[in-house]
Each structure stands twice: as structure tokens, then as C-alpha cells.
Amino acid sequence: MDKLIITVAPNGSVPTKETTPYVAITAEEVIEDGIKCWEAGASILHYHARDKDQKPCLDYDYFARVMEGLRKYTTLIVQMSTGSRLVQDRDARVRAVDLKPDMMSLNVGSINFPLGPYINKPEDAEYWAGKMQEYGVKPEIECFDASHIEAGVRLWRKGLIDDPPFFDFVLGVKNALSYTPQNMLNLINMLPADARWNCIGVGRAQLPVSTLGMILGGHSRVGIEDNIYYSYKVLATNAQLVGRAVRLANELQREVATPAEARQMLKIKNS
Ligand code: ZN
């Protein structure tokens with residue numbers, strides 16, 4: 001089995017300081033948390049931009065500042081989110097691509113989120129994939145639904161996504177695909193032979209999804225974007241969630257990849 005690549009997602013677009021004091025909101029907080037998570041064993045850091053009111057945004061300077069800090073103090077693979085439920089401008093979603101991060105999230109299909117529909121048109125997904133390829137950015141293909149795997153495969157077959165395609169299952173979002181081991185197995189069966197895959201469990205699904213991913217040969221994402229708790233009513237820090245993933249992998253005798261090893265496995269071009 002491949003070594004395990006652990007991704008941490010320290011902020012997302014929803015949790016605020018009122019939800020948990022441990023969410024990283026400012027660029028400086030994302031960098032500080034990134035250092036701790038890197039020391040704890042994470043290889044990839046996935047982040048969103050926030051404004052001074054903690055609201056999600058697509059601020060170019062925020063993306064740039066975080067990347068600069070992570071490059072300076074860590075060897076983490078830098079993964080920027082292109083997600084936005086409110087911004088329909090396809091160029092705005094991918095504007096930071098010319099900063100040449102290592103990776104960006106790529107949304108390939110629409111879905112219902114708890115707060116409303118999340119629209120990602122097929123022609124926009126094709127445009128974003130093309131932009132990422134132009135700048136040597138590895139896409140993380142986000143799959144909230146089985147049809148999103150098929151959409152990602154279509155882009156890969158068109159030559160818009162380089163090998164190996166890296167799929168990410170997102171399970172447990174209210175109104176989208178729920179978490180069951182059977183759903184996970186069905187998604188794995190839809191992947192092309194040489195694909196790599198990661199898994200995200202939202203809320204209470206984070207622990208079982210990330211653990212089952214380790215057992216089945218996938219990779220795991222943890223962090224406050226997806227889940228704010230360590231255990232029942234006990235809030236987590238991002239580094240604690242990464243630390244637990246490392247300990248679980250050790251117990252399961254699955255070696256954890258370093259960022260350098262993860263770069264090789266995913267054939268990441270930028271650095
Ligand atoms: Zn995200």
C-alpha cells in the first residue's frame with residue numbers, strides 16, 4: 001500500500017471564532033497552524049481565504065500571504081480552495097492560479113449544501129482544469145456525489161488533468177452523499193485504475209471516513225473545515241486532529257508520507 005498522505009483543512013468557509021476558538025481565520029493564523037500541523041505529520045494544507053469579518057472570500061493577497069508563509073517555514077504542499085457558493089464568476093474562483101500553488105481544489109459538479117445550492121457548471125470545471133494545467137497546478141477533484149467522479153474522469157480522459165488524477169470523496173454533507181462504508185466502496189469502484197484518492201468525512205463522519213480510507217488504501221483529510229470536535233462536546237485543534245490521524249496510521253501499520261514523498265506520489269510540479 002502507498003504511504004498515507006494526510007491533508008489538513010484548518011478553516012474552510014463556515015466555522016468562525018464563535019463556533020470554535022481553534023479555527024484559523026487570518027492568514028497569520030493559517031500559517032501558525034500550518035507549522036504545527038506540518039510538525040504533527042500533515043503533508044498537504046488546504047485553505048480558504050477569509051475577510052476581516054471572518055466571511056469567506058477569494059482575496060488574492062490572502063492566498064498569496066499564506067502561501068509565502070507556508071513556503072518559508074514548512075515543506076507543506078500548498079492547496080488553495082477555489083470553492084465559493086456565492087461567487088459565480090469563473091475567473092474569480094481561479095484567479096490565484098497564477099501564484100502557482102502546488103494544488104487547487106477543482107469542483108466538477110453541483111450539489112445542495114445545507115445553506116443552499118452549490119453551482120459548478122461542467123463548462124466552468126473544464127475551464128478551471130485547463131487553467132490549473134496551464135500553470136502546473138495539481139487539481140484535487142472534489143466529489144460530493146458519484147456523478148462527480150464521472151465528471152472528473154471525463155476531464156482526465158480529455159487530457160485536462162495530468163496523471164495521476166487525485167480524487168477526493170466528500171461524505172456526510174447534509175443534503176449530499178451520506179457516509180456509509182458501502183457508499184465509499186462504490187465510489188472507489190468507479191475510479192480509473194491508476195487514480196489516487198483521498199477522503200473527507202464531515203462532522204461526526206470525519207473519524208470513521210479518515211480511518212476507513214487508511215485501511216482501504218486511500219488518503220485522509222482532517223481539520224476544522226470539516227469537523228470541529230475531537231470527541232463528544234470536546235473541541236479540537238487542527239494539530240490534534242492531525243496527531244490522531246498519525247497515531248491511527250501507526251496502529252494500522254500504514255506508514256505516513258512526508259511532504260516530499262507526497263509530492264512524488266502525486267507528481268506535483270510547482271514548489
Ligand atoms: Zn475547502
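Author: Start with strand 13, which gives the most to the lining of the largest pocket, with 3 residues. Keep in mind that the model is predicted.

Reader: How large is the volume of the largest pocket?

Author: About 1300 Å³. Of its 46 lining residues, the closest to the centre are Ser13, Val14, Pro15, Val202 and Glu225. Strand 4 (56-57), strand 6 (103-107), helix 7 (206-216) and strand 13 (229-231) each give two or more residues to that lining.

Reader: What makes a residue count as lining?

Author: An atom within 4 Å of a grid point. Ser13 is among the residues that line the largest pocket, so Ser13 has such an atom.

Reader: How does the lining of the largest pocket divide by class?

Author: Into 23 nonpolar, 15 polar and 8 charged residues.

Reader: Why is a space called a cavity and not a pocket?

Author: Because a 1.4 Å probe fits in a cavity but cannot get out, whereas a pocket is open. The structure holds 3 cavities of 30 Å³ or more.

Reader: Which element supplies the largest share of the lining of the largest cavity?

Author: Helix 8, with 4 residues. Helix 7 and helix 8 (238-251) each supply at least two. Arg244 is one of the lining residues.

Reader: What lines the second largest cavity?

Author: Its lining includes Leu58, Tyr60, Phe63 and Met104. Its volume is about 40 Å³. Helix 2 (60-73) and helix 3 (90-93) each give two or more residues to this lining.

Note on methods: Residues are numbered from 1 along each chain as its sequence is written. This is a predicted model: local features need pLDDT of at least 70, side-chain atom pairs count only at pLDDT 80 or more; totals for chains, interfaces and linings use all residues. Side-chain values use heavy atoms; hydrogens and water are left out. On a 1 Å grid over the protein atoms alone, a cavity is a set of points where a 1.4 Å probe fits but cannot get out, and a pocket is an open set with protein on both sides within 12 Å along at least five of seven lines; lining residues have an atom within 4 Å of a point. Grid points are joined across faces, edges and corners, and a volume is the space filled by probe spheres set on the points. Ala, Val, Leu, Ile, Met, Phe, Trp, Tyr, Cys and Pro count as nonpolar, Asp, Glu, Lys and Arg as charged, and the others, Gly among them, as polar.
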